[in-house]
Amino acid sequence: MKIEKIVESPRRVAVLSAQEGAIDTLSSAMDLIIHIKMVAGADCVAIPKEAVDESFFDLSSQLAGEVVRKFANYQLRCAVWGDFSGCDEDFLQFMQRQNDGWTFFFTKTEAEAVLRLQS
């Protein structure tokens with residue numbers, strides 16, 4: 001995983017590059033959480049959709065639910081940004097529920113993701 005930049009004010013937000021495979025299993029999500037919190041010292045992370053494995057967007061894989069719970073348990077806010085127009089209706093409903101919360105949400109652009117994470 002490669003951190004492209006850190007944005008500060010008022011929270012420290014790590015922005016990941018579009019490197020594929022940053023989240024492709026629960027184990028890789030845990031590695032990311034530890035890296036962001038311990039190495040980067042960030043409170044939040046913005047992840048491009050391309051860095052998340054396609055299985056995440058299939059709710060039957062249960063990866064999305066498990067990853068969201070881990071981020072909440074470790075108190076790391078996360079925004080995944082990108083084009084979600086190709087996702088199925090179930091995942092779009094999941095996104096809408098997450099977007100009503102504070103910990104894990106989805107945005108269209110990196111700028112939106114960083115702005116929301118900073119609030």
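Gln 75 lies in the loop between helix 2 and strand 4 (77-81), with helices (H or I, at least four residues) and strands (E, at least two) taken as DSSP runs numbered from the N terminus. Its phi is near 50 degrees, a positive value in a residue other than glycine. Gln 75 has a relative accessible area of 66% and is therefore exposed (exposed means over 50% relative accessible area, buried under 20% and partly exposed in between, with a 1.4 Å probe and protein chains only). The model is predicted, so local features need pLDDT of at least 70 and side-chain atom pairs count only at pLDDT 80 or more, while totals for chains, interfaces and linings use all residues. Residues are numbered from 1 along each chain as its sequence is written, and side-chain values use heavy atoms, with hydrogens and water left out.

A positive phi, about 65 degrees, also occurs at Gln 62, which is not a glycine. Gln 62 sits in the loop between strand 3 (44-48) and helix 2, and counts as exposed at 52% relative accessibility.

Turning to the helices, helix 2 (residues 63-73) packs with helix 3 (residues 89-99) at an angle of about 15 degrees, their axes being 12 Å apart. Axes here are lines fitted to C-alpha atoms, for helices over the stretch in contact, and angles run from 0 to 180 degrees between N-to-C directions. The two helices are therefore roughly parallel to each other (angles under 35 degrees count as roughly parallel). In this contact (heavy atoms within 4.5 Å), Ala 64, Gly 65 and Val 68 of helix 2 meet Phe 91, Phe 94 and Gln 98 of helix 3.

Terms used:
Parallel < 35°, antiparallel > 145°, perpendicular 65-115°, else oblique.
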